[in-house]
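Okay, thanks for coming, everyone. Let me put the structure up and walk you through a few spots.

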Amino acid sequence: MKDNTMNTSDKLIKILLVDDDEDDYILTRYLFEEFKSSQYELEWTQSYENGLESARNNLHDVYLVDFRLGEKDGLQFIFQAVGYGCTAPIILLTGQGDKEIDLQAMQAGAADYLVKGAFDAPSLERSIRYSIRHALTINKLQTSELKFRSVIQSASDAIFLVDSLGKVIMWNAAAERIFGYTEKEIIGQSSTILMGAKYSKKAIEQGVSDTMNFVLKPLMGKVVEAFGRRKDGSEFPLELSGSVWQTSDGAFYTGIIRDITKRREAEYQLVYEATHDSLTGLPNRSQFTDILEQAIKNNSGVNQFAVLFLDLDRFKVINDGLGHIIGDKLLVTIAERLKRCLRANDFVARFGGDEFTILANNLVHPGEAILLAERLQKELANPFNLDGQEIFTSVSIGITYSNSCKRLPEDFLRDADSAMYRAKAGGKARYQVFDSKMHANSLSLLKKENDLRRAIEREEFRVFYQPIFNLQTRKIVEFEALIRWKHPELGLVLPADFIPIAEETDLIIPIGKWVLEESCRQMSAWRKQFPQHPNLSVSVNLSARQLIQSDLASQVEQVLIENHLPAKCLKLEVTESSVMENAEIALKILKKLKKLGVRISSDDFGTGYSSLSYLNKFPFDNLKIDRSFVGKLDAESKSWEIVRTILRLAENLKLDVIAEGIETEFQAEKLMEFGCIYGQGFYFSKPVANQIATDLLVLNENELPYLGNFNPTIVVESSFY
């Protein structure tokens, strides 16, 4: 049997961790490695029974026991170990810091308890030493007062002895350090002076002359938190435990006190961090939800409150363009401006990312919330000067009001969020008050999103192909791949009805990859079927989200290799807005794609930036004249000049031009007159399924003078799937 009365200052201390979680063991081992002493030897067992067997035979000096041990727990371990006669100290490791469990552990005979995740190496070592010393203290008190005094003088916790009259008769060095009284000053004094005013007042009210006895007597064998009072009058939080000794001279009380000021500060910091945003210092989503819940409970219906949901406009552009450091500084500055705009009882929080929420309390009139929204928009419209950069931003705001209906916090947040998205869709930099139709639209949008996710799994997407012609020869030179969704309930869904949702939810990434793979597979098949047209190519659209994928070029290269498709047979189309949204990243990606031999096209030219610098900076091979200009060629001579200008610009930059949206022969003739070589549109063919596109290629082989009289769409609509 091991002798647990060894001198802890020079003898190896064997410690057994009883914990069925290997991650906890690894973490504990790391903490032991941080100890500045080789005095400790840590062993580990996952088995409750193995740990209990060691405790039965006192094979280790200290036991660290996890509260959760499979079907059993640490309390059972302590009870059994103590019952078997284990004299080594047992420290309980709890996961929640449950005061009831910790109290039961101390009552069962645990030397100490620690909350997992809330202690570091020094506090663990301190607890071990404290537990060993506490155990030694008890043993020494039973054998020798001299040894007892030696032990308590070396203890890191305050230990003192109080007689039956409440007078201090023993005082250790730690007590002197914590309370400020020397042994000479305190011996013979009433222990009342050591307790905080709250406890002294309570004792006086109940007619008790000695506060320490008043506190200690009912707490024997327990560990409680209270407040102590130092010599200078300052109060501090402490952890108090005690025991009573009955002798022929009467009862004596032992008090053990630990200054838990740092622990309280750490706990406060943990609570603060759990309820506040680390960047802006504002309350976070969790605390806002709690405050909103309280406002709902306290709402009497006399005065309304409102929830405002704020989302910064174009923050992603700022963040990506100027960097996250500037983005973070902008958020901090915005938080300060928001606080300046609030009324006395309003509450603002950072909800997450570039979103903020405000609880506007005690509204006498609903218009007060609107005035607040206008004040916020005006304040944030002023420029921000960050590190010498002048930055402009705006905010979209959704507003929802309280009413007589009892609703949950998430209902208010959902409605305010819906209103905010309506404001953003309406042009940004504006506010919108929620109405019930928005909720219905949100539910519809959510259903469509869920259906969209399942559509990938169920293979409900199809690629349609719109042919692009040489306007002079009326021969097909290229196909543009356009996705369609064959919805099981809604039928054929066009891209405009689901691509925005896909982009917002990032589903555009797997969808876009599938379109690329399917289009290249089909083009490879056409090349085999029509070897006389080696330059036939397919054009695939890229979204803004796809365009910032760092591995996009490698994805494209892999698809080309798998389908044995030359890079020249693939063209990737990007809109001006998608490129300029993340210009630097997009430029790098486009250069990589260009290096593969893939052609790059600027889609919808004329609707975005349309600047020379844009065309000159990016590696475009051709550009597409937007249908909005082509469609007006029949009636507006002004559109003629715009189209002529685009064509001259493209000619000077050595770019091919494709006119899209051709619907009449007049438009086709005019474009040829202006020098445009390629075109596409309903006049020639609508987007069609792959089989119909194959038929068009066959017809094309018959050298028809033009396909304007052939309407393949009729065939498609009558035989689609």
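This is a predicted model: local features need pLDDT of at least 70, side-chain atom pairs count only at pLDDT 80 or more; totals for chains, interfaces and linings use all residues.

Numbering starts from 1 along each chain as its sequence is written, and side-chain values use heavy atoms, with hydrogens and water left out.

So, the helices. Axes here are lines fitted to C-alpha atoms over the stretch in contact, with angles from 0 to 180 degrees between N-to-C directions. Helices are DSSP runs of H or I, at least four residues, and strands are runs of E, at least two, numbered from the N terminus. Helix α21 (residues 552-562) and helix α23 (residues 583-596) have axes that come within 9 Å and cross at roughly 25 degrees. That makes α21 roughly parallel to α23, a label for angles under 35 degrees. On the α21 side, Leu-552, Ala-553, Val-556 and Glu-557 meet Ile-589, Lys-592, Leu-593 and Leu-596 of α23; contact means heavy atoms within 4.5 Å.

Now the cores, meaning buried Ala, Val, Leu, Ile, Met, Phe, Trp, Tyr and Cys joined through side-chain atoms within 4.5 Å, where buried is under 20% relative accessible area with a 1.4 Å probe, protein chains only. The largest has 82 residues, and Leu-570, Leu-572 and Leu-593 touch the most other members. Helix α19 (residues 508-529) gives the most to this core, 8 residues.

Last one: Asn-58 has a positive phi of about 50 degrees without being a glycine. Asn-58 is buried, at 2% relative accessible area.

Key: Angles under 35 degrees count as roughly parallel, over 145 as roughly antiparallel, 65 to 115 as roughly perpendicular and the rest as oblique. Buried means under 20% relative accessible area, exposed over 50%, partly exposed in between (1.4 Å probe, protein chains only).
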